[in-house]
Amino acid sequence: MECIPNEVDSEKMVVPGNMTTTICHAICTALGEQKVALLGSPAYNASVASYFSEQQEALQPACIVSPQTAEDVSATIRTLTSYPNGQCNFAIRSGGHASWAGASNIADGVVIDIRALNSVDVHSDTSTVSVGAGASWDDVYAKLDPIGLSVNGGRAAGVGVSGLTLGGGISYFSPRYGWTCDTVTSIEIVLADASIVEANADSDPALFQALKGGNNNFGVVTRIDFSTFTQGLIWTGNVYNNLSIADDVISELVKICSADAYDEYASIITTFGYSQARGLAVISSVLEYTKEVDSPPIYQDLLSLPNLMSTSQLMNMTTLAKTTQAYSPEHPRSINRVRTLVLSTTVIKAAYAQWEASLPSIRDVSNLVWAFALEPLPPKIYGRHAEENALGLADRSGSLVVALLTVTWTEACDDALVNDAAKKLMDAIENKAQQLGDLDPFIYLNYADKDQDPISSYGKASVDRLRAVQERVDPKGIFTNQVPGGYKIPGK
């Protein structure tokens, strides 16, 4: 590949000779041609085609930078910020798993694709593992499983380490250890002035806290260190129930997830799902138990309910992460919307009723999957290190539940209908929960849609701390103004 501008004639692509093309050429000169993919090259096409959602894949950046070291990231940031008036916007891409267009891709700008920063190095005392920010979670588990260790990481293969961690992160191990970000011991980050700094409890603890939930507002993360723990095989089960016993399933879910009874080795996600291709609506529960046991007692009452199918087995995290990934379609059109509910039978039954009532509006959308998932958020997850992260949950005490609507479909002509129906459903659930006094304001960033505002949901005290750190490490607002993707810290 030569470091020369490409001749392109399209609204979505770069016009020859514009400033972005010039900046791409400058980055290419600074890093070397093998680290910058220009429009139409095989490396460019492969990178764009590897995003999870079709909406992200449809965007055409001017060029894609693939740094191999933190120094490469620094040189890239230095070049991107050396032109006046922020003339080149850019995106930061790790796993590329966020659904909405522009979350980690950008039309006509520069994508910093950090996936080559994917090293996984276990420290000599095995208590810590240093992970390149561009690694995916299956890379980490593949290194740790053979030596009997694990980390409090993501549940699906293909999901990027840095994106999940900077948004908080929910793991199968979270009831034992908290959010994924809570088990981070140090972070290497390239700031807006291109400096490479280390943030941890001893070196810039304010930045360290801000990065635990603060998304991409402070710089480009290049390495994350995690605490490890001893881990063997995991019991995993799946059970499918008819909608006719929804009330019974909900009652069991609430019982399992209550703050007093919660078993810290248990992880459950219950989903009410409709598949247009199959013409079928069912309840599915994904059950994990992070001990090598047969038939965990915590799930026995749920498993004793009449079911359509039930399976269970023991597996390691590498296999489980790949199995989880396999449930997702490849490159769908996709959206997520999320709210947080106070755990109660009444509000979950009300939310389910709203989901069921929404089915006629979307029933005929081609290849649509309309899935409303309930993920427990007990104090054992959010309360363990609530004063040490940016998520703003230190004043909560009861069990919560993350209520996530995930929708996938195939045809762009259905976008307006699907997006409208999704917003109406989640607004209806929010309104009903508010009426019942069971709506929590927290919005989990990693599941949020483009128009949601997760960082504001952390509360004023957390937002003020985040803003103070941002003003110190990025006084010119580079990562606010030149990085449209992600979720921004509200202004004063």
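**Figure 1. The whole chain, counted in helices and strands.** Helices (H or I, at least four residues) and strands (E, at least two) are DSSP runs, numbered from the N terminus. By that count, the protein chain has 16 helices and 19 strands. This is a predicted model, in which local features need pLDDT of at least 70 and side-chain atom pairs count only at pLDDT 80 or more, while totals for chains, interfaces and linings use all residues. Residues are numbered from 1 along each chain as its sequence is written, and side-chain values use heavy atoms, with hydrogens and water left out.

**Figure 2. The overall dimensions of the chain.** Taken along the principal axes, the C-alpha atoms fill a box of roughly 65 × 55 × 45 Å. The radius of gyration is taken over C-alpha atoms, and the globule rule is 2.2 Å times the number of residues to the power 0.38. For 492 residues, a compact globule would have a value near 23 Å, and the 22 Å of the protein chain agrees with that. The accessible surface comes to about 18800 Å², and 50% of it belongs to carbon and sulfur atoms; such areas come from the Shrake-Rupley method with a 1.4 Å probe, and for residues only the protein chains shown count as cover. What share of the 492 residues is buried? Buried residues make up 58%, where buried means under 20% relative accessible area, exposed over 50%, and partly exposed in between (1.4 Å probe, protein chains only).

**Figure 3. An open sheet of eight strands.** Follow the strands in the order S15-S12-S14-S13-S17-S18-S16-S19, with antiparallel pairing. The edge strands are S15 (309–315) and S19 (439–440), each of which pairs on one side only. Two strands pair if DSSP finds at least two bridges between them. Strand S17 (residues 369–377) and strand S18 (residues 400–409) pair over nine bridges in the antiparallel sense.

Figure 4. Which strands does helix H14 (residues 415–436) lie across? Helix H14 lies across strand S16 (333–342), S17, S18 and S19, and runs at about 0° to S16. Axes are lines fitted to C-alpha atoms, for helices over the stretch in contact, and angles run from 0 to 180 degrees between N-to-C directions. Contact means heavy atoms within 4.5 Å.

**Figure 5. A hairpin made by S8 and S9.** Strand S8 (residues 184–190) and strand S9 (residues 196–200) run antiparallel and are joined by five bridges. Val190 has Ile196 in S9 as its bridge partner. Five residues lie between the two strands of this hairpin, and Ala194 in the turn has a positive phi of about 75°.

Figure 6. Leu149 lies in strand S7 (residues 149–150). Is Leu149 buried or exposed? With a relative accessible area of 9%, Leu149 is buried. Leaving aside neighbours within four places in sequence, Leu149 is in contact with Thr126, Leu144, Thr228, Phe229, Thr230 and Gln231. Across the chain as a whole, among contacts between residues at least 6 apart in sequence, 74% join residues at least 24 apart. For a sense of scale, Leu149 and Lys349 are 200 residues apart along the chain, and their C-alpha atoms are separated by 39 Å.

**Figure 7. Salt bridges, pair by pair.** Side chains of opposite charge can pair when their charged atoms come close. A salt bridge is a side-chain nitrogen of Lys or Arg within 4 Å of a carboxyl oxygen of Asp or Glu, and the count by this rule comes to 21. One of them joins the side chains of Glu54 and Arg333 (2.9 Å, N to O). That pair links distant parts of the chain, with Glu54 in helix H3 (residues 54–57) and Arg333 in strand S16, 279 residues apart. Glu54 is partly exposed at 30% relative accessible area, whereas Arg333 is buried at 9%.

**Figure 8. Further salt bridges.** Asp113 and Arg115 meet through their side chains in a salt bridge (2.8 Å, N to O). Asp113 is buried, with a relative accessible area of 3%, while Arg115 is partly exposed at 30%. In the salt bridge of Lys255 with Asp301, the closest N and O atoms are 2.7 Å apart. Lys255 lies in helix H9 (residues 246–257) and Asp301 in helix H10 (residues 300–303), so this pair ties together parts that are 46 residues apart in sequence. Finally, look for the network of salt bridges that links Glu188, Glu198, Arg223 and Asp225.
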